[in-house]
Amino acid sequence: MTVLIDQPAWPAHGMLWSHLVSDSSLAELHAFAAANAIPRRGFDLDHYDVPAARYDALVAAGALPVGNRELVTRLHASGLRVSGRDRAAKKARQKRADE
């Protein structure tokens, strides 16, 4: 089981962001995020969005740095990847569950 992180390269809200994923289970991903004070609101169905300022600390905590292509490949291989067409439906279900 491995938690992976890509380089901060995704712009939003005036900063760069990384993706944090697990290559085996969402439970592992949520546990890692909780242990590293990453808020649940950063979870986006199959990954956490984390600001560039947290990158080094997450790598020090055990996240394996990988390139974006490897991150996506391993996320697909794990069976945890949420496709674009499934994303809207899952987000709607998640929102209802959170309410």
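## A quick tour of the fold

Let's start with Ile38, which touches Leu20, Ala33, Tyr48, Val50, Arg54 and Leu58, leaving aside residues up to four places away in sequence. Keep in mind that this is a predicted model. Ile38 also turns up in the largest nonpolar core, where it is among the residues that touch the most other members. From there, the tour goes on to the strands and then to a pair of loop residues.

**The nonpolar cores**

- The largest nonpolar core has 13 residues, and those touching the most other members are Ile5, Leu20, Ile38, Tyr48, Leu58 and Ala63.
- As a bit of background, nonpolar side chains in soluble globular proteins tend to be buried together.

**Strand E3 and its partners**

- Strand E3 covers residues 15-22 and is mostly tucked away, with six of its eight residues buried.
- E3 pairs with E1 in the antiparallel sense, over three bridges.
- Within that pairing, Ser22 of E3 has Val3 standing opposite.
- Strand E2 (residues 10-12) also runs antiparallel to E3, again with three bridges between them.
- Look for Pro11 here: its bridge partner in E3 is Leu16.
- E4 is another antiparallel partner of E3, and this pair has four bridges.
- In E4, Asp49 is the residue that stands opposite His19.

- Which residue in the hairpin of E2 and E3 takes a positive phi? That's His13, with a phi near 55 degrees, in a hairpin that has two residues between the strands.
- His13 isn't a glycine, yet its phi is positive, at about 55 degrees.
- Is His13 buried or exposed? His13 counts as exposed because its relative accessibility is 73%, and the cut-off for exposed is over 50%.
- Ala37 is a residue other than glycine too, and its phi is near 55 degrees, a positive value.
- You'll find Ala37 in the loop between H1 and E4.
- Ala37 has a relative accessible area of 61%, so it is exposed as well.

Note on methods. Residues are numbered from 1 along each chain as its sequence is written. This is a predicted model: local features need pLDDT of at least 70, side-chain atom pairs count only at pLDDT 80 or more; totals for chains, interfaces and linings use all residues. Side-chain values use heavy atoms; hydrogens and water are left out. A nonpolar core is a set of buried Ala, Val, Leu, Ile, Met, Phe, Trp, Tyr and Cys residues joined through side-chain atoms within 4.5 Å. Buried means under 20% relative accessible area, exposed over 50%, partly exposed in between (1.4 Å probe, protein chains only). Contact means heavy atoms within 4.5 Å. Two strands pair if DSSP finds at least two bridges between them.
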